[in-house]
Amino acid sequence: MSTIDPNEILPHHLHRMLLTAIAPRPIAFASTIDSAGKANLSPFSCFNVFGVNPSTLIFSPSRSGRTNELKDTYLNVKEVPEVVINVVTYSMVNQQNLASTEFPRGVNEFFKSGFTPVPSEKIRPFRVKESPVQIECKVRQVIETGNGAGAANLIICEVVLIHVNDKVLDRNGAIDTRKLDLVGRMGADNYVRASGRALFTLEKPSGKNAIGVDSLPESVRLSAFLTGNDLGRLGSMVNMPTAVEIENYMGAQKFRKISVDVSADTGKLTEETHKEAHRLLAENNKYEALILLLAADSLLMADLQ
Ligand SMILES: Cc1cc2nc3c(=O)[nH]c(=O)nc-3n(C[C@H](O)[C@H](O)[C@H](O)COP(=O)(O)O)c2cc1C
């Protein structure tokens with residue numbers, strides 16, 4: 001491991017390191033206006049949702065790391081504390097990149113990047129027609145974290161109206177992640193596309209209990225054939241199989257076949273059973289994987305005695 005003191009490296013190296021490590025980040029495509037009503041549109045990936053009661057989104061147009069200049073978006077929300085946060089899909093990614101050009105203040109990036117401005121209903125800045133989710137927000141608070149180059153300016157927003165294109169809804173009227181095709185920002189010039197094989201599902205731990213990795217026998221915890229993800233799946237089981245269940249499993253044909261085939265070789269028994277458990281876990285058959293591993297462990301323990 002390299003250990004880095006943030007005060008001992010150049011700010012632009014620190015910026016690159018942190019923005020590469022803390023990723024992927026969602027992108028707020030922020031539409032604002034100045035007090036004369038001139039529109040501005042820029043992407044910000046220092047962005048997220050922080051609560052719903054009140055619904056709170058925060059993004060940060062920081063001071064330029066090179067020139068220490070303040071961004072037009074920040075200056076605009078100080079004049080007109082309203083913003084539309086539009087999500088960015090893969091089909092929008094090149095135009096949003098163009099909109100991030102540091103055009104002089106007053107240049108309308110809707111026109112520069114070729115996006116279509118649509119009037120909002122509750123606030124003055126425009127929405128981006130091409131974005132499937134457009135969120136009208138009032139700015140509730142602005143926190144400047146410093147006045148040096150690269151310092152963050154947190155724009156704390158409350159959602160007042162949300163517009164969702166029907167095309168990204170599922171049949172229950174909820175937003176469908178797979179239909180959205182969002183992009184996220186990684187370090188440097190890298191992006192990630194949240195679709196296809198990049199998306200996967202993971203059940204939330206159920207309720208308030210789980211057996212935990214620490215409840216698994218040492219032969220399982222230190223297995224050379226099980227991965228950290230396997231241990232995570234096993235540890236998320238709510239109950240340990242009972243001694244009777246394990247005994248019944250040991251008598252079942254599948255386990256008897258493995259254990260008879262390799263009974264003379266404990267190393268082979270571990271390898272066969274752990275590889276089979278790994279396969280079962282890939283199919284999300286956590287119960288059988290756990291009981292198989294416990295049965296194998298109990299055979300090993302009996303062998304040692
Ligand atoms: C995907 C993406 C994410 C960005 N995220 C940020 C960010 O979080 N904070 C920031 O200050 N600049 C960010 N930038 C750069 C700004 O978009 C850029 O400085 C822009 O010109 C600011 O526009 P403005 O001065 O009109 O507000 C990002 C650029 C891109 C392409």
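Predicted model: local features only at pLDDT ≥ 70, side-chain atom pairs only at ≥ 80, totals over all residues.

Author: Residues are numbered from 1 along each chain as its sequence is written, and side-chain values use heavy atoms, with hydrogens and water left out.

Reader: Why is Arg127 called buried?

Author: Buried means under 20% relative accessible area, exposed over 50%, and partly exposed in between, with a 1.4 Å probe and protein chains only. Arg127 has a relative accessible area of 12%, and is therefore buried. Arg127 lies in strand E7 (residues 127–128); strands (E, at least two residues) and helices (H or I, at least four) are DSSP runs, numbered from the N terminus.

Reader: What makes the pair Arg127 and Gln134 a polar contact?

Author: A polar contact is a pair of N or O atoms within 3.5 Å; within protein, one must be able to donate a hydrogen and the other to accept it, and residues adjacent in sequence count only if both atoms are side-chain atoms. The side chains of Arg127 and Gln134 are joined by such a contact at 2.7 Å. A polar atom of the Arg127 side chain also lies 3.1 Å from the backbone oxygen of Pro119.

Reader: Why is Gly114 called partly exposed?

Author: Gly114 has a relative accessible area of 45%, so the term partly exposed applies. Gly114 sits in the loop between helix H4 (109–113) and strand E6 (117–118). Leaving aside residues up to four places away in sequence, Gly114 touches Gln95, Glu109 and Glu130, where contact means heavy atoms within 4.5 Å.

Reader: What makes one space a cavity and another a pocket?

Author: On a 1 Å grid over the protein atoms alone, a cavity is a set of points where a 1.4 Å probe fits but cannot get out, whereas a pocket is an open set with protein on both sides within 12 Å along at least five of seven lines; lining residues have an atom within 4 Å of a point. Grid points are joined across faces, edges and corners, and a volume is the space filled by probe spheres set on the points. The structure holds one cavity of 30 Å³ or more, and the largest cavity contains about 40 Å³ of space. Residues lining the largest cavity include Asp34, Lys38 and Arg105. The largest pocket has a volume of about 1,700 Å³. Its lining has 49 residues, and the closest to its centre are His15, Ser62, Gly65, Lys71 and Glu102. Helix H1 gives the most to this lining of the largest pocket, with seven residues.

Reader: What is noted about the phi of Ala188 and of Asn284?

Author: Ala188 has a positive phi of about 50 degrees although it is not a glycine. Ala188 is partly exposed, because its relative accessible area is 33%. Asn284 likewise is not a glycine, yet has a positive phi of about 65 degrees. Asn284 lies in the loop between helix H10 (266–282) and helix H11 (286–304). With a relative accessible area of 42%, Asn284 is therefore partly exposed.

Reader: Where are cis peptide bonds found?

Author: One joins Ala23 and Pro24, with omega about -5 degrees. Another joins Asn53 and Pro54, with omega about 10 degrees.
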